[in-house]
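Me: Hi! Could you walk me through the side-chain pairings in this model, one at a time?

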Amino acid sequence: MSEYLYGINPAFEAIRSGRRQLYHLYLNQGSSNNPRLKKLAQLAEKQHLPLSWVDKAKLFDLCQTREHQSCVLEAGPFPYTPFAEMLGEPRLVLLDNIEDPHNIGAIARTAEALGWKNLLLPRRGCPLLLPSVVKSAAGACEFLRVAVNCASNQYVKIALAEGYAVVSLDGSGPVPLPQVREAGYQKLLLVVGGENAGVSQFILNNSTAVASIPQRGQINSLNASVAAALALYLLG
């Protein structure tokens, strides 16, 4: 089944990564002088990817959004990785109860930039890497290994059995995040919760450490993707 990735960066990265089946690239004929679209067209031709210059109406029909940046790529679904193949990697990040596709995309983008190559999504209650998430990630998820074959609790149980330290972010966590860094865990599973539900109670109860980010302002609140970015940087 085809997916229609939209946006210039998602198209670039999907082509560059070479992980998906690629079927057809559609570009806006009214923006044919755009340097980035020209570069994308050259890349498509180099990869022998079919290319069509079409009008904006066609692009909207394909992706059902006006956020396409004059570019839509017809591709196969994202190639997920079984969790078992990630075990042994020094750093894993699990997104628990995060429902906003933009947060997932932003966290995926930061994770890839900071070298966290393995992302865990629960098989229920969390958006998959659909085109809206790929757009928010600016295509960065094309270079991540992503598992979706377990529930959040299962990921944690298996990781603990495999010798991982499980560190969960929580606004009222008793352990300051810099202290977690000082612990120097060799194998670490970082759990980031949603802004409403947070990390589930089972995971908090079974965490090696429940960590908070020290704050000095009057508003004791951080967006999930911002909190994740700080933790990914400190613990990477």
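This is a predicted model: local features need pLDDT of at least 70, side-chain atom pairs count only at pLDDT 80 or more; totals for chains, interfaces and linings use all residues.

Me: Which residue forms a salt bridge with glutamate 112?
Reply: Residues are numbered from 1 along each chain as its sequence is written, and side-chain values use heavy atoms, with hydrogens and water left out. A salt bridge here is a side-chain nitrogen of Lys or Arg within 4 Å of a carboxyl oxygen of Asp or Glu. With the closest N and O atoms 2.9 Å apart, the partner of glutamate 112 is lysine 117.

Me: Is glutamate 13 buried or exposed?
Reply: Glutamate 13 meets arginine 16 in a salt bridge, 2.7 Å from N to O. Both lie in helix α1, 3 residues apart, about one turn of the helix (helices, H or I, have at least four residues and strands, E, at least two, as DSSP runs numbered from the N terminus). Buried means under 20% relative accessible area, exposed over 50% and partly exposed in between, with a 1.4 Å probe and protein chains only. Arginine 16, at 55%, is exposed, whereas glutamate 13, at 16%, is buried.

Me: How many residues apart in sequence are the parts that glutamate 89 and arginine 145 tie together?
Reply: The closest N and O atoms of this salt bridge are 3.5 Å apart. Glutamate 89 sits in the loop between β4 and β5 and arginine 145 in strand β7, so the parts they tie together are separated in sequence by 56 residues.

Me: Are the rings of phenylalanine 83 and tyrosine 155 edge-to-face or stacked?
Reply: Rings of Phe, Tyr and Trp (its six-membered ring) pair if their centres lie within 6.5 Å; planes under 30 degrees apart are stacked, over 60 edge-to-face and the rest tilted. By this rule there are 2 aromatic pairs. In the pair of phenylalanine 83 and tyrosine 155, the centres are 4.9 Å apart and the planes stand at 85 degrees, so the pair is edge-to-face.

Me: Which residue lies over the face of phenylalanine 60?
Reply: A charge sits over a ring if NZ of Lys or CZ of Arg is within 6 Å of the ring centre and within 35 degrees of the ring normal. At 4.6 Å from the ring centre of phenylalanine 60, the residue is arginine 66.
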